Amino acid sequence: MSNASHKSRHAMGKRVVGQALVAHDGFSARYDLNRLEGVFSRPAHKLVNQSYVDKILVLDTAKGGVATAWMLHEMRSRNMVPSAIVFNTVNTILAQGAALGDVSMLAGFDVDITSQIPHGAMVEVDPEAQTIRVLSPDEYPQTTSGDASTRKVHGPK
Amino acid sequence: MKLNDEEQAMLAGEAGIVAKTAIEHQIKVGKFFHAVDFVPVTQAHIMADTESLGQAGVVWLERLADANEGGVRIPTITDPRGTDFSKASLLGQAEWMLELERRAINAFTRLGVSMTDTCINYQTVLQATRDEHVAFGDTGVVVYSNSVGGARSNFEGGPSALSAGLTGRTPRYGYHLDAHRQATIRIKADWTPKTLDDWGALGGIVGKLAGNYWQVPLLEGLDRAPTSDELKHFGAAMASFGSTALFHLLGITPEAQRLSDVGADKLPVAHRVGEKDVQALKNHYAVEKDIDVVVFSAPQLSIYELRDLATMCEGKQFKKPLLAITSPQVKPDCDRFGYTQRIEEAGGTVLSGMCFYQSYAREMSETKGWKRLATNSAKLVNILGGYGYVPMLASMNECVEAAQTGALQ
């Protein structure tokens with residue numbers, strides 16, 4: 001684990017800051033989520049029962065079928081969507097879904113990114129720079145509630 | 001991305017707002033994958049059930065259709081819908097689901113899309129041929145077309161497949177390129193499956209070993225050429241478990257007549273897979289005996305599968321619902337040959353134009369009390385856990401027996 005910036009080969013979307021949900025596991029909106037409740041629902045998934053809403057998912061690989069391409073868009077329409085998804089390996093569907101659903105995405109690193117980002121850490125995803133990095137506490141965004149754990153920030157630095 | 005004159009005109013809006021919307025989406029995806037340019041495609045196949053689309057997706061489609069700009073430029077067809085309208089009450093589906101389906105169908109039709117509603121178009125509509133560039137949007141369709149037919153497609157999600165239909169092209173990346181079609185992992189089968197569930201289980205194992213979309217497994221050691229239905233279950237499960245879009249079977253599939261054809265002569269055998277591995281995968285799901293429902297779906301059944309099922313149903317009376325789901329192209333023959341009657345006389349139901357997991361599976365489970373589900377589809381068991389089911393994998397014959405007795409033996 002480190003605060004180093006990790007550069008990806010593939011990137012899309014806007015800059016986002018938020019809390020990371022990290023697991024060396026796959027991702028499919030169809031297979032893994034209860035999209036009505038906004039939680040991981042697949043019993044065998046390492047993030048089962050955890051809310052993904054407004055979180056930055058840091059996962060190993062995109063899995064399963066083509067439905068995710070529509071589902072990210074549908075989830076975005078209800079504001080029940082992750083802020084960003086970061087993969088070691090992406091498939092075409094997740095990228096297409098991110099494009100339609102306006103979800104920031106990074107994929108393809110020289111390291112196992114799930115081993116570099118601590119679960120629960122506040123991170124910045126910057127698609128323009130193609131990077132993800134762990135924030136230090138003095139970089140956390142300010143919120144009116146004082147709770148920075150689920151705060152997301154879109155837009156330029 | 002390098003755009004030709006026609007593509008630049010589309011991007012500038014000279015071909016209308018629909019083509020502009022489509023090509024902008026395609027460029028966003030193409031840039032993500034570092035596509036250099038576009039490649040023309042001859043067919044598109046769209047996955048767009050309304051459980052996936054949701055209200056937002058249907059509105060997006062309606063907005064495109066409302067532009068009245070002529071719609072798709074190439075033959076563009078659809079994956080299964082979220083219902084069989086004639087059997088919706090049996091499935092416990094609510095009117096709002098059906099209304100959303102009707103709106104989606106109306107929008108697609110206005111865009112010139114042909115509502116084939118099938119995930120086995122390679123068996124029923126028109127199989128893509130070797131080196132034919134297509135934009136297919138069901139993982140089972142893609143892996144079969146790429147691997148068995150030698151066609152060239154990425155997994156194209158609904159928005160991208162529709163965009164390909166609307167522009168007649170797709171970004172040239174992934175499996176459109178020779179470089180991605182070489183084998184990356186070499187696996188030896190020590191055993192050749194006999195039943196469709198075992199073919200699916202073997203596909204699931206290979207998919208898990210391959211691990212991600214960009215891996216291309218080569219499998220050797222099979223003692224015979226599989227049938228189309230066997231390859232259908234094998235590929236669909238591989239794509240489901242592993243997100244695999246292309247496999248090679250040594251001496252069987254067209255691009256791998258020799259190991260060296262796909263670079264596998266330079267790869268060591270990384271894994272050996274045998275009957276015990278297949279049984280272990282099935283045992284992993286065999287957590288209960290009693291069942292609530294039997295489902296044959298994912299992929300839709302061919303006429304030969306329905307023929308086998310009809311034979312197994314003879315003389316039986318089911319205690320539990322048995323659903324057999326096929327395509328609108330196969331269903332008339334199933335009726336005409338008397339298979340539907342034989343299956344339904346035993347208490348089963350033949351449905352058409354849908355697929356079980358694409359039909360509001362969570363709501364069906366809650367409404368109908370279906371939780372423990374027996375199927376011969378490895379793909380289906382892989383999917384349904386996330387929908388709250390306890391899915392179990394068994395042969396078609398074992399599933400039919402379970403419908404009669406209420407339990408898997």
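1. Two strands count as paired if DSSP finds at least two bridges between them. The model is predicted. On that criterion, strand β6 (residues 56-62) and strand β7 (residues 84-89) of chain A pair in the parallel sense, over 5 bridges. Within this pairing, Leu59(A) has Phe87(A) of β7(A) as its bridge partner.

2. Both strands belong to an open sheet of 8 strands in chain A, with mixed pairing and the order β1-β10-β9-β3-β6-β7-β8-β2. The edges are held by β1 (6-7) and β2 (10-12) of chain A; each has a single partner strand, so one side of each is left without a neighbour in the sheet.

3. Helix α3 (residues 92-101) of chain A lies across β2, β6, β7 and β8 (104-107) of chain A. Its angle to β2(A) is about 25 degrees.

4. In total, chain A has 3 helices and 10 strands. From the N terminus on, the elements follow the series β-β-β-α-β-β-β-α-β-α-β-β-β.

5. Of the 157 residues of chain A, 54% count as buried. Among contacts in chain A with a separation of 6 or more, 74% come from residues 24 or more positions apart.

6. Which residues make up the contact between the chains? Chain A gives 33 residues and chain B gives 31 residues. On the chain A side, β2, α1 (29-32), β6, α2 (68-77) and α3 each supply at least two residues. The residues on that side of chain A divide into 15 nonpolar, 13 polar and 5 charged.

How values were computed:
Residues numbered from 1 in each chain as written. Chains lettered and ligands numbered in written order. Predicted model: local features only at pLDDT ≥ 70, side-chain atom pairs only at ≥ 80, totals over all residues. Helix = DSSP H or I, 4+ residues; strand = E, 2+ residues; numbered from the N terminus. Contact = placed C-beta atoms within 7 Å. Axes fitted to C-alpha atoms, helices over the stretch in contact; angles between N-to-C directions. Nonpolar A, V, L, I, M, F, W, Y, C, P; charged D, E, K, R; others polar. Buried ≥ 20, exposed ≤ 12 C-beta atoms within 10 Å, placed from the backbone.
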